Amino acid sequence: MIILGIESSCDETAAAVLEVRGARALLVSNVCASQVSIHAKTGGVVPEVAARNHVGSILAVITKAYSKRKPAHSAGRPDYIAVTVGPGLVTSVSVGVACARALSVLWNIPIVAVNHIEGHLYSNWLPPVGGISNFKFQISNIEFPALVLIASGGHTELILMRDHGKYKKVGQTLDDAVGEAFDKVAKILGLGYPGGPAISRHAESGDSQRFDFPRALLNDSTRIFDFSFSGLKTSVLYCVRELNAQEIFSKEIIPDLCASFQRAAVDVLVAKTSRAAQLYRVKSVLLGGGVVANAELRSRMQTDLEREAPQCVLHIPALAFCTDNAAMIAMAGYFHAQKNDFTPLQKLDVKGGWEL
Ligand code: KG4
Ligand code: ZN
């Protein structure tokens with residue numbers, strides 16, 4: 001099985017080729033054209049600009065991904081295409097979907113419509129290291145039931161996964177996604193876009209105890225597995241205003257603000273994931289989404305789960321597969337194709353707000 005994965009739901013134009021034979025797989029290529037430097041100028045993603053840039057780069061990205069296919073598989077085409085159809089920016093998603101549609105007609109191959117969140121979740125089945133072409137690996141045999149924490153720029157959710165394709169959302173953010181909070185706090189601190197990497201870099205040398213930021217809903221008995229990050233972001237804003245009013249805000253204070261903010265966000269993510277893992281007696285815990293690239297979240301999740309839920313095996317995707325990529329879309333597509341879950345062209349549609 002050779003799968004071409006296509007992803008364009010936000011500001012990364014990505015394509016990957018994945019080959020699977022039984023439990024053995026080969027990630028032939030994983031190509032991504034990032035628009036980060038373009039959106040950094042405006043401090044965030046402008047949808048129309050993102051879509052135009054997808055149009056400009058998608059063919060080159062697909063060509064590059066597909067040209068790495070090994071000559072031994074010379075059928076001249078993949079067996080099928082897996083493409084993100086949502087959730088995401090409708091204008092951005094449309095570019096990938098239009099391309100997939102054209103290639104599907106040209107090559108006469110079926111399409112699997114993939115949910116972007118499901119893609120993040122399937123990054124756990126990708127190899128333990130990322131960024132290497134022609135990488136051979138065994139597809140992990142992850143045990144169910146599994147609890148999935150999705151922590152990205154648009155979503156923060158806890159999902160109970162009973163089997164492939166069987167999902168139940170058990171918690172979600174009531175306002176901002178955690179990645180959005182990282183991005184907004186970075187903006188408040190003048191650290192540029194995207195905020196997550198900048199905050200985690202500054203946090204490394206900061207004192208996480210210096211500022212006591214709120215851990216919303218941490219002990220709320222009715223919203224046990226829900227999240228809220230907008231109050232945390234506002235607290236940082238008020239704190240910075242106060243520091244400015246007292247004329248003690250300076251560059252030197254930024255690492256402490258970053259570390260304290262990051263600690264508050266990670267505390268909530270880890271505590272709720274650990275509690276849900278215990279309550280639902282899951283065998284595995286999976287993480288997915290751009291915020292999972294955060295070093296503190298990765299290490300805290302490891303130590304806290306080992307202590308609180310030692311029966312669970314924790315799976316954390318390789319760094320390269322945390323942020324948006326097409327390899328994860330190809331992997332999700334593979335599991336759908338196993339069940340003949342293809343989408344006829346007349347039903348292929350962009351679903352900007354698609355809930356898993
Ligand atoms: O999954 P993703 O690439 O796109 C969405 O589907 O939203 O996630 C992007 C988010 C951004 O908010 C970015 O700031 C955040 O992931 N992010 C991080 C880190 N790297 C990326 N957040 C915290 N720490 C990081 N190291
Ligand atoms: Zn994403």
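**Exercise 1. Find which residue just after α10 takes a positive phi, and check the span of that helix.**

Step 1. Just after α10, Asn340 takes a positive phi of about 55°, where helices are DSSP runs (H or I, at least four residues) numbered from the N terminus.

Step 2. Helix α10 covers residues 327-338, and its 12 residues, at 1.5 Å a residue, should span 16 Å, the expected span being 1.5 Å times one less than the number of residues. The end C-alpha atoms of α10 are 17 Å apart, which agrees.

Step 3. Of the 12 residues of α10, 11 are buried, so the helix is largely enclosed by the rest of the structure; buried means under 20% relative accessible area, exposed over 50% and partly exposed in between, with a 1.4 Å probe and protein chains only. Among the buried residues are Met328, Tyr334 and His336.

The model is predicted, so local features need pLDDT of at least 70 and side-chain atom pairs pLDDT 80 or more, while totals for chains, interfaces and linings use all residues. Residues are numbered from 1 along each chain as its sequence is written, chains are lettered from A and ligands numbered from 1 in the order in which they are written, and side-chain values use heavy atoms, with hydrogens and water left out.

**Exercise 2. Identify the protein donors of the zinc ion (ligand 2) and describe their spacing in sequence.**

Step 1. Donors are N, O and S atoms within 2.8 Å of the metal (3.2 Å for Na, K and Ca), and sites may look incomplete because water is not among the atoms. By this rule the protein donors are His116 (NE2), His120 (NE2) and Asp324 (OD), lying 2.0 Å from the zinc ion.

Step 2. The spacing of the donor residues in sequence is H-x3-H-x203-D. His116 and His120 are separated by about one helical turn because they are four residues apart in helix α4 (residues 116-122).

Step 3. Both histidines are buried, His116 with a relative accessible area of 7% and His120 with one of 1%.

**Exercise 3. State which residues line the largest cavity and which helix gives the largest share.**

Step 1. A cavity is a set of points, on a 1 Å grid over the protein atoms alone, where a 1.4 Å probe fits but cannot get out, and lining residues have an atom within 4 Å of a point.

Step 2. Glu118, Tyr122, His164, Gly165, Tyr167, Ala332, Phe335, His336 and Lys339 line the largest cavity.

Step 3. Helices α4 and α10 each supply at least two residues of this lining, and the largest share, three residues, comes from α10.

How values were computed:
1 Å grid on protein atoms, 1.4 Å probe; cavity = no way out; pocket = protein on both sides within 12 Å on 5 of 7 lines; lining within 4 Å.
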